[in-house]
Amino acid sequence: NSMFGPKQSVIQLDIGFEPEAAVSGPVLLQTDDDTFLTFKAVRMAGERRETAGTGVIEIQGCSVTKFGYPNDEALAGHPLYKHGLGAYGVFEVKKSIWIQQMTEQNRVSFPQTTESRRRHFVFTFHDSTFECVADEIRATLRTEPYEQIFGEIAGKILRSV
């Protein structure tokens, strides 16, 4: 156990699809109010994975993101790897140290800060890893051309800027 209490653990989430292993192509669009993550998605068809379109993740109540390092080859060095983090998937970190650190940081100025109900999500891709702390994620699988999907997301973001 760390100074932050019970040990964190990682569980894989089933959102109906997962990142494509070869070329995931994640794109992050983020403002103060809106956060969207898109990537090439696959899903299981019996024993094999088949191309499924574009995964669109709307991240609700997002307070912080981390996007980039490590790629799939360096994932074994990620601190969460030994707690269950794996390649090409969608995960949630339970008892997240990151959330606990944010709560402690907030208590410096706001001593009455209660334990956070936010969730720590991790998406692992071929060339990168995306992590965020948010209230919820909403996953949608889209099959339209990417330019159309991107345009719709950009439109939503621009309306709130």
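Where is the place of lysine 95? Lysine 95 sits in the loop between E7 and H1. Its phi is positive, about 55 degrees, although lysine 95 is not a glycine. Most residues other than glycine have a negative phi, and most peptide bonds are trans. Lysine 95 counts as partly exposed because its relative accessibility is 48%; buried means under 20% relative accessible area, exposed over 50%, and partly exposed in between, with a 1.4 Å probe and protein chains only.

The model is predicted, so local features need pLDDT of at least 70 and side-chain atom pairs count only at pLDDT 80 or more, while totals for chains, interfaces and linings use all residues. Residues are numbered from 1 along each chain as its sequence is written, and side-chain values use heavy atoms, with hydrogens and water left out.

Now the whole chain. It has two helices and ten strands. Helices (H or I, at least four residues) and strands (E, at least two) are DSSP runs, numbered from the N terminus. Along the sequence the pattern reads β-β-β-β-β-β-β-α-β-β-β-α. The C-alpha atoms fill a box of roughly 50 × 40 × 25 Å, taken along the principal axes.

Buried residues make up 37% of the 161 residues. Among contacts with a separation of 6 or more, 66% join residues 24 or more positions apart; contact means heavy atoms within 4.5 Å. The chain exposes about 9,200 Å², and carbon and sulfur atoms supply 50% of that area. Accessible areas come from the Shrake-Rupley method with a 1.4 Å probe; for residues, only the protein chains shown count as cover.

Next, the start of H1. Serine 96 caps the N-terminal end of this helix. A side-chain oxygen of serine 96 lies 3.2 Å from the backbone nitrogen of tryptophan 98. Helix H1 spans residues 97–109, and its buried residues are Trp98, Ile99, Gln100 and Thr103. An α-helix has 3.6 residues a turn, so residues three or four places apart point the same way.

Glutamate 104 is partly exposed, with a relative accessible area of 41%. Its side chain makes a polar contact with the side chain of arginine 107, at 2.9 Å. A polar contact is a pair of N or O atoms within 3.5 Å; within protein, one must be able to donate a hydrogen and the other to accept it, and residues adjacent in sequence count only if both atoms are side-chain atoms. Glutamate 104 and glutamate 115 are eleven residues apart in sequence and 9.2 Å apart in space, C-alpha to C-alpha.

Step back to strand E6, which holds glycine 68. Leaving aside neighbours within four places in sequence, glycine 68 is in contact with Ser128 and Thr129. Glycine 68 and phenylalanine 150 are 82 residues apart in sequence and 20 Å apart in space, C-alpha to C-alpha.

The loop between E6 and strand E7 (90–94) contains proline 70. The peptide bond from tyrosine 69 to proline 70 is cis, with omega near 0 degrees. Tyrosine 88 lies in this loop too. Its phi is positive, about 50 degrees, although tyrosine 88 is not a glycine. Tyrosine 88 is partly exposed, at 23% relative accessible area.

Finally, strand E10. Which residues does arginine 138 contact, leaving aside its neighbours within four places in sequence? They are Val56, Ile57, Glu58 and Gln60. Arginine 138 lies in E10 and is partly exposed, with a relative accessible area of 45%. Its C-alpha atom is separated by 20 Å from that of threonine 51, 87 residues apart along the chain.

Arginine 142 is found in E10 (residues 136–142). Arginine 142 counts as buried because its relative accessibility is 16%. Its side chain makes a polar contact with the side chain of glutamate 144, at 3.0 Å. The arginine 142 side chain also makes a polar contact with the side chain of glutamate 152, at 2.9 Å. Not counting residues up to four places away in sequence, arginine 142 touches Ala52, Gly53, Thr54, Val56, Ile149 and Glu152.
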